[in-house]
Amino acid sequence: MDVTSETQSGFDLSRLVELGKSVYSLVIVLVLWELVGQFELIHYYFLPPLSDIILRFIELTLSGDMLYNAYLTLYRALVGLAIASVFGVLVGVLSARNDLVDWFFDPIIKIGYPVPIISLIPVFMLWFGIGDISKIIMVAVGTFWPVAVNARDSTQQVQQNLVWAAQMMGTSDRRLLRRVVFPAALPGIITGFQIAMPLSLIITFVFEMVAGGGGLGALEIQGVRSFQSTQTYAAIIAVMFIGIGLDRGLRLIRSRLLHWT
Amino acid sequence: MRHATSQRIEALPAPVQGIAQTILDWIPLGIVVVLWELVSGTVVAESILPPPTAVSSLLVELVVTGEVFSHLFISLFRIAVGLGLSILIGVLLGIGMARSDPVEDFFDIFLSMTYPIPKTALVPLAILWLGVGTETAILIVFLACLLPIVLNAYNAANDVNQSLVWAAQMMGTDERSMLYKVVFPATIPEIMTGVRQAVPIAFVALVSAELIASNQGIGYLILTSGQIGNYPRMFANIVIISAVAFVAVRGFEEVRNRVLVWT
């Protein structure tokens with residue numbers, strides 16, 4: 001964008017045109033949606049008018065239902081992810097630095113990573129029931145793999161020169177790991193978190209849909225079962241906000257932590 | 001550890017070397033399986049954690065009787081159609097957005113809005129529209145796989161080596177054959193990368209849809225086996241879908257290496 005035009009006037013036409021170009025399609029679709037809904041060209045159950053959905057969303061938010069269910073989903077997903085992050089980074093970094101650990105975990109990761117983790121939901125229902133604990137453990141097990149693999153690979157790729165330089169200056173093994181290897185591997189480790197984050201939400205939603213127990217996934221499926229499609233749509237709006245919020249949050253953390261890159 | 005043993009392995013005669021290395025590499029998995037077998041029925045009740053022997057005998061039974069195949073074929077059909085559609089539309093959309101500004105202006109906002117939504121959260125919406133069954137599963141697989149393919153195709157088409165385009169233009173290539181003959185072939189490696197990312201996602205999406213909204217398919221089989229308490233059968237089906245996913249990823253990587261001979 002042109003810098004001079006920005007300084008010349010507060011009202012910037014070219015920027016407005018750019019904005020218009022990028023959102024016009026969304027506006028068209030949303031207006032069409034509203035019209036189709038208002039004139040019931042498609043049955044109300046399938047596609048309620050947008051205004052009804054937004055009203056329902058506000059209603060559920062004000063009554064606290066939406067916030068409570070969003071809290072349940074976030075709590076399960078993030079606690080699970082945090083557990084997986086600790087174990088994943090530990091196993092990943094140690095695998096890269098220690099042959100014995102690598103020998104043990106390499107075949108397990110090779111077999112465990114490709115398992116469609118969602119298929120284990122019935123197993124976790126059997127083992128740990130359908131409560132919060134079961135969901136949290138499931139998220140932790142599911143997100144462990146991408147975290148561990150990214151931590152391992154990025155630690156392996158730490159430049160040997162850095163390690164040698166630090167060793168030459170008399171850095172002990174333990175400090176080497178904390179001060180040299182870990183920071184150098186951090187970008188890759190955070191990439192692992194970024195891959196694991198949507199996965200943690202996926203696992204939580206599906207588990208909530210299959211087993212119930214509150215949460216946005218349960219709220220959505222409840223809407224379908226009770227023929228209140230506005231509730232399903234409203235819950236998906238909340239899912240969208242959460243997805244965008246977490247995505248932005250991780251990017252922010254990444255740029256803060258990795259300001260030197 | 002590894003270095004010490006690999007030296008000892010190198011002392012062995014050549015044909016035995018590979019086998020010995022393979023066995024050594026996979027010992028940890030053997031340990032896990034043996035532990036599982038020992039724990040089952042002693043520390044943990046056999047009904048909660050069926051021993052590997054029970055699971056594998058059921059696995060053989062499922063395969064020999066052919067019981068699993070009707071469900072497996074339905075699952076594979078859903079994946080094939082969903083993934084196929086997402087490749088077709090994803091490549092068109094990705095290249096279209098990269099080569100044409102109006103197309104990009106139109107679709108960009110939808111992609112950036114749907115990007116952070118976990119696609120399995122849309123399963124209830126799919127049930128709303130399409131009911132319980134194959135269409136819902138296909139839609140979810142399609143949506144889940146679409147974005148990685150669009151993004152890779154888009155980036156690749158944006159980064160097509162400009163000298164290639166100039167060279168073709170100089171030789172009088174018109175706009176349309178430019179797309180077929182220059183841009184599309186140049187993006188194939190990245191498209192393959194997108195598909196490689198999409199294959200495991202497809203399996204997660206498939207199983208999610210089948211657990212929630214299906215009365216056929218492997219996901220359904222896993223859920224119902226658990227519900228009626230036939231746990232060896234549940235584990236056997238999980239092993240089957242995992243093996244299929246594993247083979248699909250490896251198989252695709254093999255195909256990619258064959259196709260991309262020029263890179």
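I take buried to mean under 20% relative accessible area, exposed to mean over 50%, and partly exposed to mean anything in between, with a 1.4 Å probe and protein chains only. The model is predicted, with local features needing pLDDT of at least 70 and side-chain atom pairs counting only at pLDDT 80 or more, while totals for chains, interfaces and linings use all residues. Residues are numbered from 1 along each chain as its sequence is written, chains are lettered from A and ligands numbered from 1 in the order in which they are written, and side-chain values use heavy atoms, with hydrogens and water left out.

**Entry 1. An aromatic pair in chain B**

I looked up B:Trp36 to begin with; at 26% relative accessibility it counts as partly exposed. Rings of Phe, Tyr and Trp (its six-membered ring) pair if their centres lie within 6.5 Å; planes under 30 degrees apart count as stacked, over 60 as edge-to-face and the rest as tilted. I found 16 aromatic pairs over all chains. One of them joins B:Trp36 to B:Phe235; this pair is tilted, at 6.3 Å centre to centre and 55° between the planes. It links distant parts of the chain, with B:Trp36 in helix α2 of chain B and B:Phe235 in helix α11 of chain B, 199 residues apart. Helices here are DSSP runs (H or I, at least four residues), numbered from the N terminus. B:Phe235 has 8% relative accessibility and therefore counts as buried. I then noted that B:Trp36 and B:Phe235 form one aromatic cluster with A:Phe124, A:Trp127 and A:Phe128.

**Entry 2. Helix α6 of chain A**

For contact I use heavy atoms within 4.5 Å. Just after α6(A) comes A:Gly129, with a positive phi of about 80°.

**Entry 3. Core and interface**

A nonpolar core is a set of buried Ala, Val, Leu, Ile, Met, Phe, Trp, Tyr and Cys residues joined through side-chain atoms within 4.5 Å. The largest has 139 residues, and those with the most contacts inside it are A:Met66, A:Ile118, A:Met138, A:Leu216 and B:Met234. Helix α9 (residues 173-211) of chain A gives the largest share of this core, 18 residues. I listed what B:Met234 touches beyond its neighbours within four places in sequence: A:Pro122, A:Val123, A:Leu126, B:Ile222, B:Ser225 and B:Gly226.

Buried area is the accessible area (1.4 Å probe) that two parts lose on being put together, summed over both. Chain A and chain B bury about 4600 Å² between them, 81% of it on carbon and sulfur atoms. In chain A, A:Trp103, A:Pro116 and A:Leu126 lose the most area to chain B, together 15% of what that side buries. The contact takes 49 residues from chain A and 48 residues from chain B.

I also checked A:Asp247, which lies in helix α11 (residues 229-257) of chain A. At 17% relative accessibility, A:Asp247 counts as buried. Not counting residues up to four places away in sequence, A:Asp247 touches A:Met197, B:Tyr115 and B:Pro116.

**Entry 4. Helix α3 of chain B**

The expected span of a helix is 1.5 Å times one less than its number of residues. For the 14 residues of α3 (residues 52-65) of chain B this should give 20 Å, and the end C-alpha atoms are 20 Å apart, which agrees. Its buried residues are B:Pro52, B:Val55, B:Leu58 and B:Leu62. B:Gly66 follows α3(B) and has a positive phi, near 75°.

Most residues other than glycine have a negative phi. A:Glu40, not a glycine, has a positive phi of about 50°. I placed A:Glu40 in the loop between α2 (13-38) and α3 (50-63) of chain A; at 47% relative accessibility it counts as partly exposed. A:Phe227 also has a positive phi, near 60°. A:Phe227 is in the loop between α10 (216-225) and α11 of chain A, and at 62% relative accessibility it counts as exposed.

Technical notes. Helices (H or I, at least four residues) and strands (E, at least two) are DSSP runs, numbered from the N terminus.
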